[in-house]
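Subject: Structure for your files

Hello,

Here is the structure we talked about handing over. My notes on it follow below.

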Amino acid sequence: MAPSSSDAPVRILLCNDDGIRAAGLQSLAAALDGLGDLVVVAPESEQSAVGHAITTRDPVRAHAVEFSVPSGSIPAYAVTGTPADCVKLACHELLDARPTLVVSGINHGPNTAVNVLYSGTVSAATEASILGMDAVAVSLCDWSATDFEVAGRWARRVAKTVLRSGLPQGTLLNVNVPARPADEIQGLAVTRQARSRWEEGFEERTDPADRSYYWLAGTFVDLDEGQETDTRAIENGYVSVTPLQHDLTAHDALEDLRDWSWDSDE
Ligand code: MN
């Protein structure tokens with residue numbers, strides 16, 4: 001999108017997948033305080049790993065909640081839906097005007113490599129991008145972190161840059177911040193998504209009523225030797241910024257597939 005003209009007010013919509021009371025979202029709002037008019041529309045409860053799910057068979061409800069940043073209180077809504085629902089509802093119903101920028105996070109835990117597909121945090125930003133807005137997803141690479149200050153400072157830096165420069169049409173940014181003190185972060189690296197998968201199994205367990213259930217258990221496997229990936233940047237102490245797009249077409253395969261004989265039964 002083209003950067004907004006200097007006289008138009010900057011409006012920033014904040015969302016996440018960890019729920020409206022998550023520390024990462026509170027820290028994100030505090031970090032972006034002063035960059036524009038902030039509005040929070042976030043899930044009422046945790047929605048991690050829901051991916052790009054939307055609610056189509058149940059009512060979606062939104063209620064206003066208190067939300068404070070250092071400069072005062074900002075409008076905020078808790079939504080009984082997914083991160084993608086939140087962005088849709090915000091833009092179509094709850095907000096008076098279209099946001100200049102949508103920032104999702106700060107997620108509790110990394111969203112690198114294949115995890116981008118499972119991530120509700122990234123999906124909120126993807127939805128914003130589909131709707132034609134500039135969008136950034138921010139994650140801190142530590143599931144148990146309570147201090148999001150360093151990640152917040154990087155989120156602010158990235159948000160300011162995007163507000164100034166605008167993103168190419170259909171492109172959103174996936175930002176991952178290594179869990180390190182500020183002075184141990186080496187800088188920012190523009191990366192690609194690492195090739196990876198989860199090697200998974202399910203643990204079968206027994207509940208107190210003596211019925212069996214399954215619990216997903218897996219190990220993340222990085223299959224990528226490349227030095228320019230999101231996972232490598234994090235390992236090396238860099239803030240990783242990966243441009244993503246929602247067009248999932250395998251463009252490189254188009255030409256080959258068009259040459260296949262699709263009409264043969266043999
Ligand atoms: Mn999450």
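**A left-handed unit and its neighbours**

Strand β8, helix α5 (residues 149-165) and strand β9 form a β-α-β unit that is left-handed. For reference, a crossover is right-handed if, with the strands pointing away from the viewer, the path from the first strand over the helix to the second runs clockwise. Helices (H or I, at least four residues) and strands (E, at least two) are DSSP runs, numbered from the N terminus.

This is a predicted model, in which local features need pLDDT of at least 70 and side-chain atom pairs count only at pLDDT 80 or more, while totals for chains, interfaces and linings use all residues. Residues are numbered from 1 along each chain as its sequence is written, and side-chain values use heavy atoms, with hydrogens and water left out.

Strand β9 covers residues 171-177. With β8 (residues 134-140), β9 pairs in the parallel sense over five bridges; two strands pair if DSSP finds at least two bridges between them. L140 is the residue opposite V177 in β9. The pairing of β9 with β13 (residues 238-245) is antiparallel, over six bridges, and N176 has S240 of β13 as its bridge partner.

Seven of the seven residues in β9 are buried (buried is under 20% relative accessible area, exposed over 50%, partly exposed in between; 1.4 Å probe, protein chains only). T171, L173, V175 and V177 point one way from the strand, and L172, N174 and N176 point the other way. In a regular strand the side chains alternate between the two faces of the sheet.

**The manganese site**

The manganese ion is held by D17 (OD), D18 (OD), S48 (OG) and N107 (OD1), at 2.1 to 2.3 Å. Donors are N, O and S atoms within 2.8 Å of the metal (3.2 Å for Na, K and Ca), and sites may look incomplete because water is not among the atoms. The donor spacing in sequence is D-D-x29-S-x58-N. S48 sits in the loop between β2 (37-43) and β3 (62-64) and N107 in strand β7 (residues 101-108), so this pair ties together parts that are 59 residues apart in sequence. S48 is partly exposed, at 30% relative accessible area, whereas N107 is buried, at 6%.

**Backbone points to check by eye**

- The peptide bond joining G105 and I106 is cis, with omega about -10°; I106 belongs to strand β7.
- A49 has a positive phi, near 65°, though it is not glycine. It is in the loop between β2 and β3 and is exposed, at 58% relative accessibility.
- A113 also has a positive phi, near 50°. Its place is the loop between β7 and α3 (115-118), and A113 is buried, at 0% relative accessibility.

**The chain as a whole**

The chain has seven helices and 13 strands. Its radius of gyration is 20 Å, close to the 18 Å that the globule rule gives for 266 residues, so the chain is as compact as a globular protein of that length. That radius is taken over C-alpha atoms, and the rule is 2.2 Å times the number of residues to the power 0.38. Along the principal axes, the C-alpha atoms fill a box of roughly 65 × 55 × 45 Å.

Of the 266 residues, 46% are buried. Among contacts (heavy atoms within 4.5 Å) with a separation of 6 or more, 77% are between residues 24 or more positions apart.

Regards
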